[in-house]
Amino acid sequence: MDPGIRVQELNAWFGGTQALHDIGLEIPSRQVTAIIGPSGCGKSTFVRCLNRMHETLPNATVKGKVTISGLDIYGKGVSPVTVRRRIGMVFQKPNPFPTMSIYDNVAAGLKLNGFSNRRQLDEVVQRSLEGAALWDEVKDIMKKKSGASLSGGQQQRLCIARALAIEPEIMLMDEPASALDPISTSKIEDLIFQLKQQFTIVIVTHNMQQAARVADLTGFFLMGKLIELDKTEKMFTNPSDKRTEDYITGRFG
Amino acid sequence: MHNISFRRRFVNFLGIGAIVGATLVVLMPLFLIMGTVIYRGIGSITWAFFTRIPQPVGETGGGMANAIVGTAMIMGVAALIGIPLGVGSGIYLAEYGRNASGNIVRFTADVLNGIPSIVIGITVYALVVLIQHHFSLLAGGIALGIMMIPTVCRTTEEVLLMVPQSVREAALGLGIPQWRTTLSVVVPSAASGIITSIMLACARVAGETAPLLFTAFGNQFWNLKLNQPTAALPLQIFAYAISPYEEWHRMAWAGALVLILSIMATVILVRFATSRGMLKGAH
């Protein structure tokens, strides 16, 4: 089984404005693929098409084919809810559930889908918090304190733990460190490095150094089009496209 | 230098003076009402006022126990109608109502909000009282319940829209269905706001008299039955205030005082509970 992602002729719109043009690419499993590009180039829209979150926005539409482990997620009769259960997502700004304790935040994906075995929940919560390198910091307070009481970096790791708890095959990260300080950022990056043992990771980033540090592959988006996708090393040293080189060397964007 | 500084201080003084003055003018009616009601009503507040029913003209003593209980029961019925329909339609508008049918609901709620309360009373009279052949507690509750719906609906919509979109996205991204997201994530995040809106609506309709005139009708005796005419504080105040008897006027003031204080007490209690976070995270 190959939990990679294959994207074919993917187009996306916001009302009458086309945000993605004919994207086609393959994302290999258990590697980190970074998506870079200037603001407004469609990189967030792209990852949001991979778990059918794009269509939750008003007037947003998608056309094309995205295959995950052989399943065409835009196929007939495929429910977006089941797709999202297989794909974890971490957003730009940490967004823990404000009314829930730390524990409940992590357990939410399971609890709200009707899973209620306490002992197993305890196990999943511990495993997920350990996976997100947050367990030691919160194990004594996780049932009393709300998720919102943590620091920004801790909140983002809580959001990662929350996504890990649903045991996804793929992790999508939409600029997960852009709202964080350098120390928290490096913790998240270390985490990404460990998580790729188990997951296919797609990370959108504004920060090219970050892409160079964490990603095996890097894709460059410009004005809704994929310019190129290649090994990170090659992208940053010897890109095939002139526009990639211009962007990476800071000539625009 | 000294001149400019003096001028600035003077203008500052004028500005603050104007703001404080405006505040006092706004607060004045409230203090006048409270002051008058307390001054006139406090003397007739006795133990009997809360435990006895009205006495016939000429006999001293008696109270409004039946009207106090009647208002509580009418409000109970009104809440049973107004809260589920109001909160339900508010949730619909905020989470699913960004379309034509949502706009129709929104418009209807706004129109309903503008309908004079006596019109609601007379409509309930035609639709409930005439069919039941009875003025009744139930009819009074229905009339007040209908009046609660638009207020609760629109304020619920507003507080739900204040819940950040990122919270909804977080839940949807975990593969939680939208209805679950709404009920278990979005609504709890706005719980204190929704409860405040319910309290405001209750406080508003609890003092309504006109819709009760042809529905609950009023009663000089005890009634705890849904299908019988029932005393209510505003009705009793109205009946006593237009009577020619000095004793009854004093009772009307006392009734007004009890009505205002019980509304204030409820609002303060709920404010206190929600600010302490007792109701937060209730999911």
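**Close-up views of a predicted two-chain model**

**View 1. Lysine side chains over aromatic faces in chain A.** Lys196(A) is placed over the face of Phe193(A), at 4.8 Å from the ring centre. The model shown here and in every view below is a predicted one.

**View 2. The S1–S2 hairpin of chain A.** Strand S1 (residues 5-14) and strand S2 (residues 17-27) of chain A run antiparallel to one another and are paired over seven bridges. Within this pairing, Trp13(A) has Gln18(A) as its bridge partner in S2(A). Two residues lie between S1(A) and S2(A) in the hairpin, and Gly15(A), in the turn, has a positive phi of about 60 degrees.

View 3. Six strands of chain A make up an open sheet with mixed pairing, in the order S6-S7-S8-S3-S9-S10. Its edge strands, each of which pairs on one side only, are strand S6 (87-90) and strand S10 (225-231) of chain A. On average, and with direction ignored, neighbouring strands of the sheet are turned by 15 degrees against each other. At one end of the order, S9(A) and S10(A) pair in the antiparallel sense over six bridges, and in S10(A) the bridge partner of Leu217(A) is Lys231(A). H1(A) packs on the sheet, where it touches strand S3 (32-36), S6, strand S7 (170-174), strand S8 (200-204) and S9 of chain A, and the direction of H1(A) makes about 150 degrees with that of S8(A).

**View 4. Aromatic pairs that involve strand S9 of chain A.** The whole structure contains nine aromatic pairs over all chains. In one of them, the ring centres of Phe46(A) and Phe221(A) are 5.1 Å apart and the ring planes stand at 45 degrees, so the pair is classed as tilted. This pair connects distant parts of the chain, with Phe46(A) in helix H1 (residues 43-50) and Phe221(A) in strand S9 (residues 217-222) of chain A, 175 residues apart. Phe46(A) is buried, having a relative accessible area of 0%, and Phe221(A) is likewise buried, with a relative accessible area of 0%. Phe220(A) forms an aromatic pair with Tyr247(A), and this pair is stacked, at 4.9 Å centre to centre and with 25 degrees between the planes. Here too, distant parts of the chain are linked, since Phe220(A) belongs to strand S9 and Tyr247(A) to helix H10 (residues 242-248) of chain A, 27 residues apart. Phe220(A) counts as buried at 0% relative accessibility, and Tyr247(A) is buried with a relative accessible area of 5%.

**View 5. The largest nonpolar core, with residues from chains A and B.** This core has 46 residues, of which Phe97(A), Leu160(B) and Ile194(B) touch the most other members. At least two residues of the core are supplied by each of H3, helix H5 (117-132), helix H6 (137-161), helix H7 (165-173), helix H8 (178-189) and helix H9 (191-206) of chain B. H6(B) gives the largest share, 10 residues. When neighbours within four places in sequence are left aside, Phe97(A) is in contact with Asn105(A), Ala108(A) and Arg162(A), and also with Val167(B), Ala170(B), Ala171(B), Leu174(B) and Val185(B).

View 6. Chain B has 12 helices and zero strands, and its C-alpha trace spans about 70 × 65 × 35 Å along its principal axes. Of its 283 residues, 43% count as buried. Among contacts in chain B between residues at least 6 apart in sequence, 73% join residues at least 24 apart. Gln55(B) lies in the loop between helix H2 (47-51) and helix H3 (65-96) of chain B, and, at 17% relative accessibility, Gln55(B) counts as buried because the limit for that class is under 20%. Apart from its neighbours within four places in sequence, Gln55(B) contacts Thr60(B), Gly61(B), Gly62(B) and Trp248(B). Elsewhere in the chain, ring pairs join Tyr125(B), Phe135(B), Phe214(B) and Phe217(B) into a cluster.

Conventions:
Residues are numbered from 1 along each chain as its sequence is written. Chains are lettered from A and ligands numbered from 1 in the order in which they are written. This is a predicted model: local features need pLDDT of at least 70, side-chain atom pairs count only at pLDDT 80 or more; totals for chains, interfaces and linings use all residues. Side-chain values use heavy atoms; hydrogens and water are left out. Rings of Phe, Tyr and Trp (its six-membered ring) pair if their centres lie within 6.5 Å; planes under 30 degrees apart count as stacked, over 60 as edge-to-face and the rest as tilted. Helices (H or I, at least four residues) and strands (E, at least two) are DSSP runs, numbered from the N terminus. Buried means under 20% relative accessible area, exposed over 50%, partly exposed in between (1.4 Å probe, protein chains only). A charge sits over a ring if NZ of Lys or CZ of Arg is within 6 Å of the ring centre and within 35 degrees of the ring normal. Two strands pair if DSSP finds at least two bridges between them. Axes are lines fitted to C-alpha atoms, for helices over the stretch in contact, and angles run from 0 to 180 degrees between N-to-C directions. Contact means heavy atoms within 4.5 Å. A nonpolar core is a set of buried Ala, Val, Leu, Ile, Met, Phe, Trp, Tyr and Cys residues joined through side-chain atoms within 4.5 Å.
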